[in-house]
Amino acid sequence: MSVATVKGHGWWRYRYWVAIVLTFCYSIQYLDRVKTSVLAPLIMKDIDLSHAQYGLGMSLMLAFYGPMQAVVGWVCDRFGARRVLLFSIVSWSLCTWWMAYMQTPQEWYIRQIIFGILCATEFVPSSRILARWFAKRQRAQAQAALSYAWILTPAWAPVFATALATAFGDWRPVFIVVAALGVLPLLAIWGWVTDRPEDHKGMSEMELHEIYEEEIEQGVYSHEELEKRSISKEKIAAQRDIPLRDILLYPGFIQLTVAYIVIQALYWAAVSWSPTYLKETFGFSIMAMGWWAIVYFAAGVLGSFTGSRLSDTVFGGRRRPIISISYICTFPFLLLLAIYKQGVNPVALLLTLSAAGFFANMAWGPYYAWPAEIFSPEVHAKALGIINAVGYFVGAAGAPLVMSRLIVKTATGVSYTWSWVFIAALAVIGFLLAVTVKEHKKETPGIA
């Protein structure tokens with residue numbers, strides 16, 4: 001029996017396949033950012049980019065990518081998350097192909113800005129689809145599955161990118177090969193994913209009732225509506241069309257949004273600078289750097305899985321404890337990265353990278369599950385779009401740029417000490433914000 005025709009027998013559910021497909025598709029899209037970071041030393045040398053210019057380019061992409069997230073939430077409501085996601089894949093492929101022909105720092109800046117605008121359409125629709133396809137008791141784990149795309153991709157992409165660059169003897173063909181891979185996520189989304197579970201022809205009534213169990217219990221939707229696949233557009237609109245003011249003024253929403261800046265800063269600090277940190281601090285070759293860069297992100301997959309599982313089960317759907325643990329436990333390992341020098345014990349470096357990756361990535365699932373539970377899953381795209389816009393614009397765009405200014409050339413090489421100290425300080429701020437936010441629901445019409 002094919003995956004698409006399974007109708008609720010045993011433990012398997014079609015929604016698990018949707019999560020797998022979205023994770024795979026997002027992983028392919030994430031290749032662009034990871035391979036660019038991994039191949040940064042070659043790109044910088046070829047087109048004469050300084051550390052500051054490279055950092056500025058990464059920040060420009062994220063500075064435009066961030067604010068577009070807020071827009072994408074409304075676009076998903078108007079055109080549907082699936083359509084937006086298909087557009088995202090096509091845009092990503094074209095931007096990646098274009099990168100292969102870059103010759104000057106100015107082209108680097110222009111490409112990054114356009115990429116940021118067009119490809120901001122990738123995450124919010126993916127998360128929106130998962131929020132609708134999964135009930136609260138599995139929502140953090142579903143969102144964590146999506147996070148594996150950007151955690152797991154850096155665990156294998158460095159080896160993939162460096163191997164291709166070594167085989168071709170140049171970094172440019174790598175971008176052409178990766179752009180061609182865009183056909184895979186395009187076909188996968190087209191063939192297997194729908195905006196809503198009731199729109200999928202092979203969906204069983206049992207699974208529909210599982211997915212909508214919260215709304216059924218709250219009286220939002222009835223058993224009869226699900227059996228007839230007749231959920232009215234008016235009911236969906238009533239759940240979705242929440243005024244922006246109500247979202248922004250929800251108790252703790254602003255605090256939660258500011259705290260989210262930190263998790264984006266932690267991630268993009270690692271993606272943007274850990275490969276060059278490993279090469280310039282410890283003298284690794286390009287191939288060795290690729291293998292060592294895997295350690296942080298491989299541990300991050302385990303951390304994301306563990307954090308989401310604990311949030312859904314042990315903590316009974318509470319999200320704050322795991323987010324707080326994630327921030328405070330990352331802090332000491334970032335300080336260790338700040339003080340390590342060439343000649344450090346390889347085991348110590350291995351354990352530090354693993355622990356930093358594990359704890360820094362624990363909070364993804366709880367974070368992305370929270371907006372769908374503060375509000376209804378129908379409001380998830382708009383609420384998450386706002387959170388992500390701020391997180392990317394300030395945390396993701398700002399962290400690599402600030403770190404690039406804190407990297408210092410010394411008589412013996414390059415020092416990343418103050419750049420990692422800066423990120424460690426952000427982890428403490430994130431902890432203080434997360435541990436003090438209140439975790440409760442607002443009981444007004446249209447809000448779960």
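Trainee: Is the crossing of α1 and α9 left-handed or right-handed?

Mentor: The crossing of α1 and α9 is left-handed. A crossing gets that name if the near helix is turned anticlockwise from the far one by less than a right angle, and it is right-handed if clockwise. Before we go on, a word on the source: this is a predicted model, where local features need pLDDT of at least 70 and side-chain atom pairs count only at pLDDT 80 or more, while totals for chains, interfaces and linings use all residues. Residues are numbered from 1 along each chain as its sequence is written, and side-chain values use heavy atoms, with hydrogens and water left out.

Trainee: Why is α1 called roughly antiparallel to α9?

Mentor: Helix α1 (residues 14-38) and helix α9 (residues 183-192) pack at an angle of about 160°, and their axes are 9 Å apart. That angle makes α1 roughly antiparallel to α9, given that angles over 145 degrees count as roughly antiparallel, under 35 as roughly parallel, 65 to 115 as roughly perpendicular and the rest as oblique. Axes here are lines fitted to C-alpha atoms, for helices over the stretch in contact, and angles run from 0 to 180 degrees between N-to-C directions.

Trainee: Which residues make the contact between these two helices?

Mentor: Among them are Trp 17, Val 21 and Phe 24 of α1, and Leu 184, Ala 188 and Trp 192 of α9. Contact means heavy atoms within 4.5 Å.

Trainee: How do the residues of the contact of α1 with α9 divide?

Mentor: They come to 13 nonpolar, no polar and no charged. Ala, Val, Leu, Ile, Met, Phe, Trp, Tyr, Cys and Pro count as nonpolar, Asp, Glu, Lys and Arg as charged, and the others, Gly among them, as polar.

Trainee: At what angle do α1 and α7 pack?

Mentor: α1 and helix α7 (residues 136-168) pack at about 35°, with their axes 7 Å apart. α1 passes α7 in a right-handed crossing. The residues of that contact divide into 18 nonpolar, five polar and three charged.

Trainee: What makes Thr 36 buried?

Mentor: Thr 36 is found in helix α1. Its relative accessible area is 2%, so Thr 36 is buried: the word means under 20% relative accessible area, with exposed over 50% and partly exposed in between (1.4 Å probe, protein chains only). Leaving aside neighbours within four places in sequence, Thr 36 is in contact with Ile 43, Tyr 54, Met 99, Trp 108 and Phe 175.

Trainee: Why does Leu 164 count as buried?

Mentor: Leu 164, found in helix α7, has 17% relative accessibility and therefore counts as buried. Not counting residues up to four places away in sequence, Leu 164 touches Val 174 and Val 177. The C-alpha atoms of Leu 164 and Val 174 are separated by 6.1 Å, though the two are ten residues apart along the chain.

Trainee: Is Asp 48 buried or exposed?

Mentor: Asp 48 has a relative accessible area of 63%, so Asp 48 is exposed. Asp 48 lies in the loop between α2 (40-47) and α3 (51-79). Phi of Asp 48 is near 60°, a positive value in a residue other than glycine. Most residues other than glycine have a negative phi.

Trainee: How do you know that helix α6 is mostly covered?

Mentor: Eleven of the eleven residues of α6 (residues 123-133) are buried, including Phe 123, Arg 128 and Trp 133.

Note on methods: Helix = DSSP H or I, 4+ residues; strand = E, 2+ residues; numbered from the N terminus.
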